[in-house]
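Hi,

Here is the structure I promised to pass on. Have a look at it first, and then read my notes below.

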Amino acid sequence: MSVQPEMPPRSAKQQGTAQRRTAVRVHPELRPAFESLPQFSDPYEDIEATREGFHAMLAAVPADRTGVDSERFEIPRADGSALTVEVYRPEGGAGSDGGEDAAPGQDARTADDGAGRALPAVLHFHGGGYALGRSLPGQDRAAIALCRELPAVVITVEYRLAPEHRYPAGVEDCYLALEWAAERAGGLGIDPARIALTGKSAGGGLSAAVALMARDRGGPAIVHQSLCVPDLDDRVGADEGADAEEADAGWADGEGADGDGALGARVTTGRSVRRSWAHYLPEGTAAADAYAAAARATDLSGLPPAYVLVCDLDPMRDAGLAYARRLMDAGVPVTVRNVPGAWHGFELFAPETRVAKEMTAHWTGQLRAALYPVVG
């Protein structure tokens, strides 16, 4: 594994990222949702309370599981602890043999013929700044939607969370889940030639890192990596310095150059991204390695085809675009999509807007095309 020690030189045109970003207006359709956003707060002030609040919000509106079954499994780690994963599959689809790693009380099942033909698999890594974002058991909305719409067997991974478990705990859990899924493909009803990775934000960063690990370790074959608003560079916001602080303060006072006001006080900024990395990386880390921050990798050749989604008002936008360009330069097929006038995680607050629906349809469609390629 090689690591890129320095940030590429920035031209004068690339300077002032925070100020340039304010020149992009919030999309008109998203403005009502933006104006209703609460003040952005530091989730790490009381991480347990933040997680409890997140889970309470999820519990208030249970996910629609129509047409989807799921099972939970415990995968043993080398230290004797266990990693929990949940396997979502379409009703009537391929079953699971349970196996020795099945959770207590599970009935062993075998894949049937016909409707139980092997399906492609998607490992879904949740977002949440590497510190929260875990769904309630059986309630992962993204997994349920992908399971139905692709269709596919979708495996969610309850990787260890920061700051209690700093890097490399989380990404090693994700890689362990990939190995487990590939080794038990037959019993899980998975086509081992069609395994993809996906995730948003931290989940996108983990997807990119696991793709690198699989390549470097000679691990399971991955047919596609879907990186949605990926958090894959620990240097995001590091060069903004005092300008970023002033820009955040200006937005909070309603003085943003685009007239949006309070932009930095309502949405993810470079400063909040830096705070997340400070809690994810081991204390005292000066520079992340490539399995923590995939943008640090010097060699991107030989990686699976990728989809990279970014949003205009996201401080991680430029890092995502730069990574996509480097993948292209390394000969990796890449599809890139930018959502104009949108902030990081906007779809959580405006799910019924056309902008959100089109974004979801596009990345889902790209994932479907990778898992169900047109032949001949």
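Of the 376 residues of the protein, 52% count as buried, where buried means under 20% relative accessible area, exposed over 50% and partly exposed in between, with a 1.4 Å probe and protein chains only. Please keep in mind that this is a predicted model, in which local features need pLDDT of at least 70 and side-chain atom pairs count only at pLDDT 80 or more, while totals for chains, interfaces and linings use all residues. Residues are numbered from 1 along each chain as its sequence is written, and side-chain values use heavy atoms, with hydrogens and water left out.

The secondary structure comes to 12 helices and eight strands; these are DSSP runs numbered from the N terminus, with helices (H or I) of at least four residues and strands (E) of at least two. Among contacts in the protein with a separation of 6 or more, 78% are made by residues 24 or more positions apart, contact meaning heavy atoms within 4.5 Å.

Now for a helix pair. The axes of α5 (residues 169-183) and α7 (residues 202-217) come within 10 Å and cross at roughly 60 degrees. That makes α5 oblique to α7: angles under 35 degrees count as roughly parallel, over 145 as roughly antiparallel, 65 to 115 as roughly perpendicular, and the rest as oblique. The axes are lines fitted to C-alpha atoms, for helices over the stretch in contact, with angles from 0 to 180 degrees between N-to-C directions. Gly170, Val171, Glu172, Cys174, Tyr175 and Leu178 are the α5 side of the contact, and they meet Leu206, Ala209, Val210, Met213, Ala214 and Arg217 in α7.

Gln139 sits in the loop between β3 (119-125) and α4 (141-149) and is buried, with a relative accessible area of 17%. A polar atom of the Gln139 side chain lies 2.6 Å from the backbone nitrogen of Ala63. Leaving aside residues up to four places away in sequence, Gln139 touches Pro62, Ala63, Arg65, Tyr88 and Ile144.

Val267 is placed in the loop between α9 (263-266) and α10 (270-280), and is buried at a relative accessible area of 4%. With residues up to four places away in sequence again not counted, Val267 touches Phe34, Leu37, Phe40 and Trp343. Val267 and Ser41 are 226 residues apart in sequence, yet their C-alpha atoms are 9.3 Å apart in space.

Best wishes

Conventions:
A polar contact is a pair of N or O atoms within 3.5 Å; within protein, one must be able to donate a hydrogen and the other to accept it, and residues adjacent in sequence count only if both atoms are side-chain atoms.
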